[in-house]
Amino acid sequence: MLSLFCAPLQGFTDAAFRIAHAKFSGGISAYYTPFLRLEKGKIRPKDLRDLEWDLQTKKDFPYHLIPQIIAKDAFEFRSLVEQILPLGFSEIDLNAGCPFPMQTKSGRGAGLLLHPENFFEILDAMEEFPQVQFSIKMRLGENSESEIFEILPRLNVSNLSQITLHPRLGIDEYHGEIRLDAFQRFYENCSRPMVLNGDIFTAEKIRECAEKFPKLKGVMLGRGLLRNPNLAREYAENFTGKTAETLFKMHAEIFAQYKMRYQGDAQILEKIRPFWAYADLPKKMAKKIAKAKTLAEYENCLIAIGEL
Ligand SMILES: Cc1cc2nc3c(=O)[nH]c(=O)nc-3n(C[C@H](O)[C@H](O)[C@H](O)COP(=O)(O)O)c2cc1C
């Protein structure tokens, strides 16, 4: 059986989502936080608040959480790790895949793959923290598949606990088919445990991955899990519960949390709207949700969804 991981998605898989998912569905071996980054030398305060929210809840309701960081060099890397360790984590994931130009242009995310010297310095710096298990989530490259194959020999002699590969380039962003041939070549030559991520929306697809790549450690589910939070259980337990039922339970919990934590209709709506972004809703309904200007209007949409 493959291990199933919940992918980090900024603006979607925050603490409220992770907690509600673990509570009302589950089947996930580890949840990854969206990347934590430095702002004026400190972890961005709003990301830290989100992580602390997890930590408070985890005491009552344990689930496996791994913080992800984004860094352009060993200096930023060390600073982030040193700020995370006092929170009690012993696993940290490095983002080498974010395709957004704001990150790539400054050598972070997929942009780190254009600077192997910085990438290797970060891998060396990992050895300064023997108490931490590091993993990497990466793309094939920023501009070319050759980038990942250049660093493969160094990855093979690292202590990385796993390499999650989203087989696209940074410049592909999320367009086009995933590059499964390149994944296969990397997988065949990589000696670290590997996880496949990208465009996995059904339990059937997870089974296909297990069959095609027998030494795969697991798959990481992103939009598939947002669309169908029961996806992991459908694979692991042949669960046949209704997607809509789980979405509603999760939504009720997340919405209540946002109402407690954020103020004003606009702010709460901005936080909750993405919950439905990948759900299988009729177009008309999705438009109404996007257009709702007040909580009252939004709640009317919910009633309508409930009646679908
Ligand atoms: C809006 C958005 C935000 C994302 N944020 C992150 C992030 O913070 N860290 C990361 O490693 N990947 C991030 N990703 C990439 C996802 O983790 C995942 O690799 C991608 O969605 C492909 O997997 P999927 O097809 O299962 O969704 C993001 C993707 C999207 C669409």
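Which residue in E9 is the bridge partner of Lys 137? In E9, that partner is Thr 164. I start there, then turn to the whole chain.

First, the ground rules. What you see is a predicted model, in which local features need pLDDT of at least 70 and side-chain atom pairs count only at pLDDT 80 or more, while totals for chains, interfaces and linings use all residues. Residue numbers run from 1 along each chain as its sequence is written.

The protein chain has 14 helices and 11 strands. Its radius of gyration is 19 Å, close to the 19 Å that the globule rule gives for 308 residues, so the chain is as compact as a globular protein of that length. That radius is taken over C-alpha atoms, and the rule is 2.2 Å times the number of residues to the power 0.38. Helices (H or I, at least four residues) and strands (E, at least two) are DSSP runs, numbered from the N terminus. Along the principal axes, the C-alpha trace spans about 55 × 45 × 35 Å.

Now the sheet. Nine strands form an open sheet in the order E5-E2-E1-E11-E10-E9-E8-E7-E6, with parallel pairing. Strand E5 (65–66) and strand E6 (68–69) stand at the edges with a single partner strand each, so one side of each has no neighbour in the sheet. Two strands count as paired if DSSP finds at least two bridges between them. Strand E8 (residues 133–141) and strand E9 (residues 163–169), where we began, run parallel and are joined by five bridges.

Strand E11 (residues 218–221) deserves a slide. Four bridges join it to strand E1 (residues 3–6), in parallel, and three join it to strand E10 (residues 194–197), also in parallel. Val 219 in E11 stands opposite Leu 4 and opposite Leu 196. Is E11 buried or exposed on its two faces? Gly 218 and Met 220 on one side, and Val 219 and Leu 221 on the other, are all buried. Buried means 20 or more other C-beta atoms within 10 Å of the residue's own; exposed means 12 or fewer, and partly exposed lies in between, with C-beta atoms placed from the backbone. Across the chain, buried residues make up 38% of the 308.

Last, the ligand. Of the 22 residues around it, Ala 7, Pro 8, Pro 34, Gly 222 and Arg 223 come nearest. A residue counts as near if its C-beta atom, placed from the backbone, lies within 6 Å.
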